Amino acid sequence: MPDTAVAGTPGTTRTHGATLEVRDLTTSYGPVRALDAVSLTAEPGRITAVLGANGAGKTSLLRTVSGLVRSTSGTVLLDGEDITKSPVESMVTRGMAHVPEGRGVIAELTVEENLRVGALFRGKVGREEYDRVYDLFPRLVERRDNPAHTLSGGERQMLVIGRALLARPRILLLDEPSLGLAPRIVAQIFGLLRQLVDAEGLSVLLVEQNARSALSVADVGIVLNLGRIVATDDARTLMADEDLRHAYLGF
Amino acid sequence: MQQFIDTTLSGLAQGMVFAAFALALVLIWRSTRIVNFAQGSMAMATTFVALALVHAGWNYWLAFVVALVSGFVLGAVVERVIIRRVEGGPELNAVIVTLGLFVAIQAAVAIIAGSSFQSFPAPFGLRGFTIGGNTIALTPNRVFVIVAVLVTMGLLVALFRFTRVGLAMRAAAFGQEVARLLGVRVGRMLTLGWALAAVVGSLAGLLIAGGSFVYPAYMDSLIVFGFVAAVLGGLDSPIGAVVGGLVLGLALAYVSAYFGGSSVVNLAALVILVVVLLVRPGGLFASTQARRA
């Protein structure tokens, strides 16, 4: 079954279109509601940016979608299939790659080993797929055999994105990729993301505090506040909505 | 000169066993951040499995292999059934649970097999080789001990460095959450890690038992030495465990031969531990880099 899930090429159009569909998702940590009936979709070939202040529930959203945190109610559909209760380990075989906050490199492993872990579940993976990641991020080539803890913040971000791509996902969940990076590097990474999405029909659910950068690259923007969605719209429309920007996005 | 060479040789052989035991502790510490105080009694239990089979008329090597396999199963069962419940919880819980296991296994073996001393066969001769008319302290059995530990270490290195399952185990050990997101079945890898560690611990138990006596508490001193060796090496480093084991084996052999005999060996081990921790708190092989997930 996992094989068929992997075989689905990016951009496969389904009858209802969305790669990921989240319906009325609620997540609580004890008495605290981190997510309150959140519904959204992420479509192939589009970047959906989830924005909001610290504590708005952005990270909780991604962690619930990928199963790291269990929802109290609601459903998560991946290409129409209910994955709400599926184990975390199975997500990547189903075509969902989640890059957690804080650049989830495995610090003790080398760059190459980190990449190999990303492709482990697929069995034998041809050298050309690794070369493609190194082509996308040439800075990783010379660091190939260095432990990942020697990398700079930007290089780590490149490594985790490259590693996620080796899983050949149909949807990529990215948690705060811009955190702590120089604006130039952020622009570079977002630009590359845009290219990948346009070229391969990848679907991206991007969580960002850096709303300005995120909206500049995204197709759709979703604004979260205290676990609830307060706005969903075209990225350009959101960018133009000054009241909303001042109220929730801080610019 | 003869005495020095003999002391060095017996220290090396002892050190190899310490190294194996320390390696087992390090394997578990690295993957689950638990110090397995039950390691010694688990190894003792599997040695008794071997002894029972030898008494039943089995070939030594067959009993040896079955004991290692039973170590694998015991390690896996202990992790899956007992340790899984305290993993990721407060550290003290794991300490108490492994200490409890240590006592429980020892008591269980004493009930089943009795607590009297029983002699355990050695697979090879216990008489030293003769070189130029002198008999040295290197016996065929000690050669076997050294070779067995070296081969085991080589296999472990190969497993972790060159195989997919080894890579998955390292990923699971160093970045549990990330590994799960990448599709690594972390629970399975932790079970496998405990199982392998128990095999290595069992090997140490079988090797130190060879040509000697076994009883339910015969591993107790090895637990202390193995733990000191592991901490000397930094507790996180397999190579450190091996070097720590050898350093400790040699140091204790010299102490025993030149400074007051075997009665001060235990004391010496703890003095070495304290001195190393004072000078290099992270152990001899601690990486200077702090862990970051």
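Tutor: Start with one pair of residues. In β10(A), Asp234(A) is the bridge partner of Val220(A). Keep in mind that this is a predicted model.

Student: In which sense do β9(A) and β10(A) pair, parallel or antiparallel, and over how many bridges?

Tutor: β9(A) pairs with strand β10 (residues 228-234) of chain A in the antiparallel sense, over six bridges. The two strands form a hairpin with two residues between them. In the turn, Leu226(A) has a positive phi of about 50 degrees.

Student: Which strand pairs with β9(A) in the parallel sense?

Tutor: That is strand β3 (residues 47-51) of chain A, which pairs with β9(A) over four bridges. Ala49(A) stands opposite Gly221(A) in β9(A).

Student: Why is strand β9 of chain A described as largely enclosed?

Tutor: Count its buried residues. A residue is buried if 20 or more other C-beta atoms lie within 10 Å of its own. In β9 (residues 220-225) of chain A, five of the six residues are buried, so the strand is largely enclosed by the rest of the structure. Over the whole of chain A, buried residues make up 47% of the 251 residues.

Student: How do I read the overall form of chain A?

Tutor: Chain A has ten helices and ten strands. Its radius of gyration is 17 Å, close to the 18 Å that the globule rule gives for 251 residues, so chain A is as compact as a globular protein of that length. Along the principal axes, its C-alpha atoms fill a box of roughly 45 × 40 × 35 Å.

Student: How do I read a helix, and which residues of α5(B) are buried?

Tutor: An α-helix has 3.6 residues a turn, so residues three or four places apart point the same way. In α5(B), the buried residues are Arg142(B), Val145(B), Ala148(B), Val149(B) and Thr152(B). They pack against α1 (2-32) and α8 (186-209) of chain B.

Student: How many residues does each chain give to the contact?

Tutor: Chain A gives 20 residues and chain B gives 20 residues. On the side of chain A that touches chain B, α4(A) gives the most, with four residues. By class, that side has ten nonpolar, six polar and four charged residues.

Student: Where in chain A is the pLDDT below 50?

Tutor: Chain A averages a pLDDT of 87, and 93% of the residues score at least 70. Over residues 1-15 of chain A, however, the pLDDT is below 50.

How values were computed:
Residues are numbered from 1 along each chain as its sequence is written. Chains are lettered from A and ligands numbered from 1 in the order in which they are written. This is a predicted model: local features need pLDDT of at least 70, side-chain atom pairs count only at pLDDT 80 or more; totals for chains, interfaces and linings use all residues. Two residues are in contact if their C-beta atoms, placed from the backbone, lie within 7 Å. Ala, Val, Leu, Ile, Met, Phe, Trp, Tyr, Cys and Pro count as nonpolar, Asp, Glu, Lys and Arg as charged, and the others, Gly among them, as polar. pLDDT is the predictor's confidence in each residue, from 0 to 100. A residue is buried if 20 or more other C-beta atoms lie within 10 Å of its own, exposed if 12 or fewer, and partly exposed in between; C-beta atoms are placed from the backbone. The radius of gyration is taken over C-alpha atoms; the globule rule is 2.2 Å times the number of residues to the power 0.38. Two strands pair if DSSP finds at least two bridges between them.
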